[in-house]
Amino acid sequence: MTDVAAKVDPLHHHGGRVSVAAARFASAPAPWLDLSTGISPWAYPVGEIKSATWQNLPSEEDLAALETAAGAAFGGVSPDQIVAVPGTDFAIRLLSTLLPAARVGIVGPTYGSYQSSWPAAKIVSFAKARGADLLVCANPNNPDGAVIPKAQLQRLRTLRIVDEAFADAMPAQSLLPHRNGAIVLRSFGKFFGLAGVRLGFVIADKPVANQVRAALGDWPVSGPAIAIGTRAYRDTEWQHAQRGRLIAASHQLLSLLTDHGLSLVGGTPLFQLTHHPAAQSLFIHLAHAGILARPFRAQPDWLRFGIPGTVSDFDRLSDALKSWRPA
């Protein structure tokens, strides 16, 4: 973490910091309802993991099976162009060491780890990205869900790293399998609701893919992650149902938020970003009710909400919004 990042309030730096919120708002009721991330509240049913999977080192054959299954789920990516990694946040930091560039542009505002990985990078709009040697963007973007048309990304000649962490829920927006030289990142944990598995993928032309493989070494991800990921990516029926659940719930969430005076900035099936002049007041109000939303230091009038997973979670959020009185 950079010195700049270290000074940022943890609740503004990343979602999921329930322990920090619980310590700060000690009188809040438990359990907390964590809406601060873009992680699905419905997790893929892991099922039984063989004891040998925990005991033995992961095999090359099992790793290859995972990468093949993921490549098929992503629309037909060749296995020699896909590399499993222990989470895409790790991949971002690794790529920053493997791909030195004099002029790095980050399409923003966006995910904070890009700036942590390339501290000298300039935050730019996509329209002004052509002068960069390396362009980094999230598509759909985090936190506002903005989408750069894939045809525009495909035409760009600049070396591109495109983070598609939320694209499993919006597959039509993905560059895959037609990257045209772009490096694409895909995340397992958000769509499948299993962030703790720490699994992601780098999809790139063979020279870069081979660089990543060499840097990772022989056992880049755990045996249980391989087993769970392979099973999940082969389960296309579950994936289809998950997309339907997320889309329906995100629409329900948006309706609830706008009914209580919040304006939509943007979103994806995994989160909704809202605007309100008193967003910081609402963040504190919700925290006192044991509900963690995602605030933003640079945009204090923004508040992002992940998807409530149950009827009672929706009711709890609704009750808290009803009792809020903007200052």
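Two strands pair if DSSP finds at least two bridges between them, and that is the sense in which pairing is used in these close-up views of a predicted model.

**View 1. A hairpin links β9 and β10.**
Here a hairpin takes the chain from β9 to β10 through two residues. Strand β9 covers residues 263-268 and pairs with β10 in the antiparallel sense, with five bridges between them. To find your place along this pair, look for L264, which stands opposite T274 in β10.

**View 2. Strand β10 also meets β13.**
Staying with β10 (residues 271-275), we find four of its five residues buried, so the strand is mostly covered, where buried means under 20% relative accessible area. On to its pairing with β13 (residues 302-306): the two strands run antiparallel and are joined by five bridges. Within this pair, Q272 has F305 of β13 as its bridge partner.

**View 3. Seven strands form an open sheet.**
Reading across the sheet, the order is β2-β8-β7-β6-β5-β3-β4, and the pairing is mixed. Strands β2 (82-85) and β4 (122-124) stand at the edges; each has a single partner strand, so one side of each is left without a neighbour in the sheet. On average, neighbouring strands of this sheet are turned by 20 degrees against each other, direction ignored.

A handy landmark is I161, whose bridge partner in β7 is I183.

**View 4. Helix α5 lies across β2 and β8.**
Helix α5 spans residues 60-73 and lies across β2 and β8 (200-203), running at about 115 degrees to β2.

**View 5. Helices α5 and α11 cross.**
How do α5 and α11 (residues 223-234) sit relative to each other? Their axes come within 8 Å and cross at roughly 30 degrees. Angles under 35 degrees count as roughly parallel, and therefore α5 is roughly parallel to α11. The crossing of α5 past α11 is left-handed.

From α5, the residues in contact are D62, L63, A65, L66, A69, A70 and A73; they meet I226, G229, T230, Y233 and R234 in α11. Sorted by class, this contact has eight nonpolar, two polar and two charged residues.

Notes
Residues numbered from 1 in each chain as written. Predicted model: local features only at pLDDT ≥ 70, side-chain atom pairs only at ≥ 80, totals over all residues. Heavy atoms only, no water. Axes fitted to C-alpha atoms, helices over the stretch in contact; angles between N-to-C directions. Contact = heavy atoms within 4.5 Å. Parallel < 35°, antiparallel > 145°, perpendicular 65-115°, else oblique. Left-handed = near helix turned anticlockwise from the far one by under 90°. Nonpolar A, V, L, I, M, F, W, Y, C, P; charged D, E, K, R; others polar. Buried < 20%, exposed > 50% of the residue type's maximum accessible area, 1.4 Å probe, protein only.
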